[in-house]
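The sequence and structure come first.

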Amino acid sequence: MFHILVVDDDKSTRRLLKAVLESENYTVYTAENGAEALTLMDQAHIDLVVLDVMMPEMDGYAFTKILRDSNNNLPILMVSAKQLPEDKKKGFIVGTDDYMTKPIDEEEMLLRIKALLRRARIVSERKITVGDVVLDYDALTVTRRGETQELPQKEFMLLYKLLSYPGKIFTRIQLMDEIWGADSETGWETVTVHIGRLRKRFENWEEFEIVSVRGLGYKVVKKV
């Protein structure tokens, strides 16, 4: 059961978000401002924060900066009526993970929360599970139904990156910079070679598929 903290100075908004989140079986805590939220976090385990920006005593920007300055990587979904690009940029600069503008689309909020929680779990456990398939980042292994394959480092990191964001398209240049480093003298063609090796290695596995997106790059499609 995930524990979510809703921080908003508007009582009606707190009640609404609490009801929406509890309908999805989350355990929900609420706070009126950043200072109250920090106190509550000393008393309860929190997995994710839904955070308003404009609040008295301590606003969302200050709250987020305090957490990040203390190396707390708790997922934060910042929610605000402030819609200007500079407001969103400020949110990301201080360390929020995602940003939504009010009025909130409840379905979209729930999808964003699920994505943030999934990524946080991947980071903390350093493992990805897709059906019967388990990728172990520390061992560079892919295990399925008792069969374990230890992949070359670059192949594993490439697959791990794609499976961390199923459905997201990555360009060859993005993958090159991420896996090989921006200063690498290796050409982007090596990404194509490694993708080919991964496809051959897992061509008969029904759990996922690496798909080429013409003119753009690659993505992984989960099938379970």
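Which element gives the largest share of the lining of the largest pocket? In this predicted model, that element is α5, with eight residues. Helix α5 spans 106–125, and α6 (153–164) and α7 (172–180) join α5 in supplying at least two residues each to this lining. In total, 26 residues line the largest pocket, and Arg 119, Ala 120, Ile 122, Val 123 and Ser 124 lie nearest its centre.

| Pocket | Volume | Nonpolar lining residues | Polar lining residues | Charged lining residues |
|---|---|---|---|---|
| Second largest pocket | about 160 Å³ | five nonpolar | one polar | five charged |

Around the second largest pocket you will find Arg 118, Arg 121, Ile 122, Glu 125, Lys 127, Ile 128, Thr 129, Val 130, Leu 163, Pro 166 and Lys 222.

Now for the helix contact. Helix α2 (residues 34–41) and helix α3 (residues 60–69) have axes that cross at roughly 35° and come within 9 Å. On the α2 side, Gly 34, Ala 37, Leu 38 and Met 41 make the contact, while α3 brings Phe 63, Ile 66 and Leu 67. By class, the residues of this contact are six nonpolar and one polar, with no charged residue among them.

Terms used. Residues are numbered from 1 along each chain as its sequence is written. This is a predicted model: local features need pLDDT of at least 70, side-chain atom pairs count only at pLDDT 80 or more; totals for chains, interfaces and linings use all residues. Side-chain values use heavy atoms; hydrogens and water are left out. On a 1 Å grid over the protein atoms alone, a cavity is a set of points where a 1.4 Å probe fits but cannot get out, and a pocket is an open set with protein on both sides within 12 Å along at least five of seven lines; lining residues have an atom within 4 Å of a point. Helices (H or I, at least four residues) and strands (E, at least two) are DSSP runs, numbered from the N terminus. Grid points are joined across faces, edges and corners, and a volume is the space filled by probe spheres set on the points. Ala, Val, Leu, Ile, Met, Phe, Trp, Tyr, Cys and Pro count as nonpolar, Asp, Glu, Lys and Arg as charged, and the others, Gly among them, as polar. Axes are lines fitted to C-alpha atoms, for helices over the stretch in contact, and angles run from 0 to 180 degrees between N-to-C directions. Contact means heavy atoms within 4.5 Å.
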